Amino acid sequence: MCRHGTYKKVRVINNQNNKEILVDACIADEIQWLNDQGIFTLGCCCGHGQAGKIVEWENAYGKWKGHEEPPHVLIDEKSADSAKILGYRPYPYYYADGKFYGVLQMYLKSGCITMDDVEDWHKENENEIQIHDV
């Protein structure tokens, strides 16, 4: 997991206009590997060491309370079988309007769960980190 603003470029195979995108550096290699294996990734987040933290937010559908996710990725449902073969366990992702839209979420094998993990990752990777503005 990395601090906000620490990104690495990844080549994606999804239907987005940008074929090279910036991804949180601590999960970027895994996201690149998933794309190289034919998994259509749609979005991802390392969680920035906040996994499990209670959060509250409000949108057009009401007030919500939940928890921060551990490092995860959203994938196109067409990639589900391939992801399972690779040892992942994708499950439906529902948007705030309660609809599915053919997107699955799955937890990553890389990234950090706690802030201690974040600091350790930065110490281990301090010579390789490139910070990109988004």
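Lys-8 is partly exposed, because its relative accessibility is 37%, and on the scale I use throughout, buried means under 20% relative accessible area, exposed means over 50%, and partly exposed is what lies in between, with a 1.4 Å probe and protein chains only. Before I go on, please keep in mind that this is a predicted model, in which local features need pLDDT of at least 70 and side-chain atom pairs count only at pLDDT 80 or more, while totals for chains, interfaces and linings use all residues. Residues are numbered from 1 along each chain as its sequence is written, and side-chain values use heavy atoms, with hydrogens and water left out.

Lys-8 forms a salt bridge with Asp-29, and the closest N and O atoms are 2.5 Å apart. Lys-8 lies in strand S1 (residues 7-11) and Asp-29 in helix H1 (residues 25-36), so this pair ties together parts that are 21 residues apart in sequence. By salt bridge I mean a side-chain nitrogen of Lys or Arg within 4 Å of a carboxyl oxygen of Asp or Glu, and a search of the whole structure finds two of them. In the other, the side chains of Lys-65 and Glu-56 meet at 3.6 Å, N to O, and both of these residues are exposed.

Let me turn to the fold. The protein has three helices and eight strands, where helices (H or I, at least four residues) and strands (E, at least two) are DSSP runs numbered from the N terminus. Along the sequence the pattern reads β-β-α-β-β-β-β-α-β-β-α, and of the 134 residues 36% count as buried. If we take the contacts with a separation of 6 or more, residues 24 or more positions apart account for 56% of them, contact meaning heavy atoms within 4.5 Å.

Gly-47, in the loop between S3 and S4, is buried at 9% relative accessibility, and Gly-47 and Ile-113, 66 residues apart in sequence, are 7.4 Å apart in space, C-alpha to C-alpha. Phe-40, in the loop between H1 and S3, is partly exposed at 30%; its C-alpha atom is separated by 5.6 Å from that of Ile-75, 35 residues away along the chain. Leaving aside neighbours within four places in sequence, the contacts of Phe-40 include Ile-13, Leu-74, Ile-75 and Ser-79.

Finally, the largest pocket. A pocket here is an open set of points on a 1 Å grid over the protein atoms alone, with protein on both sides within 12 Å along at least five of seven lines, and lining residues have an atom within 4 Å of a point. The largest pocket is lined by 17 residues, of which Trp-57, His-67, Glu-69, Tyr-93 and Tyr-94 lie nearest its centre. Strands S3 (41-45), S4 (54-59), S5 (62-67) and S6 (72-76) each supply at least two residues of that lining, and S5 gives the largest share, four residues.

Definitions and conventions: 1 Å grid on protein atoms, 1.4 Å probe; cavity = no way out; pocket = protein on both sides within 12 Å on 5 of 7 lines; lining within 4 Å.
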